[in-house]
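Please open the model in a viewer and follow the selections below in order. Each stop names what to select and then describes what is found there.

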Amino acid sequence: MFKDRESFKHEYVDKLIKSEGVLLEEATQWNKYVALVGLLRETVISYQAIAKKHEVAAKQVYYFSMEFLMGRLLKYYLINLGIEDLVRVGLNDLGIDLYDLLEQEKDPGLGNGGLGRLAACFMDSMAFLGINGHGNGIRYKYGMFDQRIINGYQHEVADDWLSKGFPWETRKPDQAVVVKFKGNVQVEVLEGKLQFKHENYEPVIAMPYDVPIMSYQNTATINTLRLWSAEPVPLELDLESFNRGEFQSVSRSTVESISYVLYPDDSSQTGKELRLKQEYFFVAAGLGSIVRTFKEKKVPWSDFTRWVAIHINDTHPTLCIPELMRIFIDEEGLAWEEAWKITVNTISFTNHTILPEALESWPIAMFRNFLPRIFMIVEEIERRFLETLHQRFPGEEKLILKTRIFCDGQVNMANLAVIGCSSINGVAALHTNILVQQTFKEFHRIFGYKFNNKTNGVNHRRFLLAANPSLSRLITESIGPSWIEDWSQLKNLQAFQQDRSFLKQLSAVKHRNKLQLIHLIKEKQDIILDPFSLFDVQVKRIHAYKRQLLNVLKIMHLYNLLQDNPSSLNQSYTFILGGKAAPGYYYAKTVIKLIHALARKLRQDPLAEQYLTVVFLENFNVSVGEIVYPAADVSEQISTASKEASGTGNMKFMMNGAVTLGTLDGANVEILDSVGQENMFVFGLNAQEVLRYYERQNYRSWDIYQANPEVHRVVDQLINGFFNEEQSEEFRMIYDSLLLYNDEFFVLHDFAAYIDAFKKLREAHMHQEKWNQMSLINIANSGKFSSDRAIREYGEAIWKV
Ligand code: TH1
């Protein structure tokens, strides 16, 4: 690397000239940013070139995901390379403020939320642990939309993140892959074997763009995130094959639409054509390049599983199964049985949700039309599967009905994934239990050995070390720096429970982080917050099951308490909410409007204004998260039990010392196990109770509305002109969801318990030292939720690396 500050400065100025073509004096901020990234990228890929030598002898893991929510890379790579201070001071000598360059970087938002961010955390931990693990995804021209709030309503602005280029990536035209859509399949018999020839297809060029992945101080393992962009076939090639009648010409815009935009919905699937195209596109491209690399080894196909593991992040890349079969059979001439054995043993699958509306299925006719050969293979997979079922479980019609791939005119992707993978894991213990006992109950009888749990984790180096430098410094001063590389060391903080001076410093750190968040909110939204107020935060996608509404009703209730008795609250509370609603999700958008209406109501009331503040954080993304998590006192994790598969925000808050107020859902259950009852505020129905209500259909939200006057009051306030006398119908939809449609997510049921838990929390917060102890215990027990722990488990139990 750079020997010292002077050599850095020399190289940097040189880089500005050679790659940006400007002298320092003429350089724009963007030039300066690109030159710095260029220097780091070159350093990292030169480590990669050296590391590659050893890689040849190691098993490669390929993580297929439709989403990689990477967040900004520059600051993080400076930390990983151990040169943050050197570069800051060096740039300063040149009259450049590193902060300005960091601000030049767009936040690559190629994901919706937890699932995409998990993929990014896993990329880091694989590189950290020395696993050769590569990401495979789509280089969307437009990522997750930017959220603008106008008059309390969400507006979506296209995320043109590539407009000036993304200096971390390298285009690799020599590694492009042709992906074939539509057309027809000719079957011939050649030397006694069936041959399948795909004709009249529509070709698309998959162009790879590689981003080098380097983790904390590990220069021996540099992995690759390979993102594919769709391009039309070049004209020369086009004419030649076109004349031979091999394929159909497709318009540039039809081709480019494939990698044009990320679907901005993380909780429902619409079965849209373009989405299916996207899925096959990056699967076929990724497998094409994996097989090409494998063939260079010149070892027999039976060794494939020894050298390659493929992981599919939810069902979105499930086409890996039939596509790998197609390559083995049609292109490499393997027999079905051998191809199947290798395929199943190579591929593993993570399920991330049990929400029925999120489970993927495609209309059969559409599937067959777009992917004719893949369709034939899936049919054959099902035929053989049913054959074995009939043998093993004769006469069990229900078992067959629930495990079929083709059902009700649809191709069921989850069932295909379970049949074609060697491992199926849930993302938290509770979620895995629900998978095994409910969602995949029948499959569990057939393939019990495939199911396992891998509780999610988050990258503690990004969300603690990099996002919270004040806390990191305090931790390192107290227990040494080993926690950065070994999450289990955080436990040693427990020893400071009675250390007054430590606890004081901990609360000073929180205060400082609140000031930073306050600064951000002042700059971006021109709202001024009180750092001495309790910061209660709920940031995540807006969705009915996550129950932002329950939070709103709680705040309305506190307001009512204050109206009845002006001295009922003895301290000030700031409720921060943030998150994006899917553009077509009208209910969620109405909740955003409701949050703004409440914020306004409180601002306009001189009494309320002293005690209660509501802020909606605009455009919540990874970068905003990195400021918010460190500043929170309370972490709201209040989903309807059984609905949130894991949650990962809960872990990010915890490691930054926030105390959780939550239901027994997803990984909250394991957070409770780690910190104990005294250090978390738990309330509400548990998953079993929720599932029993659904089963027996004996929940009546109306009864609760009638029986509980406090519930009655806040629910009425949704439509009685409380927010706006002229537009009292604005929130009718929300009111109806609670009473007319019987409150699917048990908001009214859990209201009283939630209020009660919040009351206990308020009391606990009055004892400052006690509160700081709780905060400390949360940090000290958060190590388990590092993605290093999760990836070690995946590596050992699933990928066998
Ligand atoms: C999320 C889950 O909702 C969340 O509980 C979990 O912590 C996270 O995944 C990581 O495991 C999901 N995101 C998506 C996105 C899509 C489809 C399904 C899910 S589930 C597009």
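The tour of this predicted model begins with two strands: select β13 and β15 (residues 410–412), which run antiparallel and are joined by three bridges. Within this pair, W362 stands opposite V411 of β15.

The three strands form an open sheet with antiparallel pairing, in the order β13-β15-β14. Its edge strands are β13 (361–363) and β14 (406–407), each of which pairs on one side only. Now display helix α16 (residues 413–420), which packs on this sheet and touches β13 and β15. The direction of α16 makes about 40° with that of β15.

**Helix α34**

Proceed to α34, residues 787–799. Between its end C-alpha atoms this helix spans only 16 Å, whereas a straight helix of 13 residues would span 18 Å at 1.5 Å a residue. Which residues of α34 are buried? They are S787, D788, A790, I791, Y794, G795, I798 and W799. These residues lie on the same side of α34 because they cover an arc of only 160° around the axis.

To see what covers the buried residues of α34, select β1 (60–64), α6 (114–128), β11 (308–313), β12 (347–350) and β16 (423–426), which are included in that cover. Then select K800, which follows α34 and has a positive phi, near 55°.

**Helix α23**

The next selection is α23, residues 586–603. This helix has 18 residues and reaches 26 Å from its first C-alpha to its last, close to the 26 Å expected at 1.5 Å a residue. Its buried residues include the run from T590 to A599, namely T590, V591, I592, K593, L594, I595, H596, A597, L598 and A599. A588 and L602 are also buried.

What do the buried residues of α23 pack against? Their partners are the helices α22 (548–564), α24 (606–611) and α31 (732–738), together with the strands β4 (153–157), β19 (573–578) and β20 (612–617).

**The whole chain**

Finally, select the entire protein chain, whose secondary structure comes to 34 helices and 23 strands. The radius of gyration is 27 Å, close to the 28 Å that the globule rule gives for 801 residues, so the chain is as compact as a globular protein of that length. Along its principal axes, the C-alpha trace spans about 90 × 75 × 50 Å. Buried residues make up 50% of the 801 residues. Of the contacts between residues at least 6 apart in sequence, 76% join residues at least 24 apart.

Methods:
Residues numbered from 1 in each chain as written. Predicted model: local features only at pLDDT ≥ 70, side-chain atom pairs only at ≥ 80, totals over all residues. Pairing = 2+ DSSP bridges. Helix = DSSP H or I, 4+ residues; strand = E, 2+ residues; numbered from the N terminus. Contact = placed C-beta atoms within 7 Å. Axes fitted to C-alpha atoms, helices over the stretch in contact; angles between N-to-C directions. Expected span 1.5 Å × (residues − 1). Buried ≥ 20, exposed ≤ 12 C-beta atoms within 10 Å, placed from the backbone. Arc of directions from axis to C-beta. Rg over C-alpha atoms; globule rule 2.2 N^0.38 Å.
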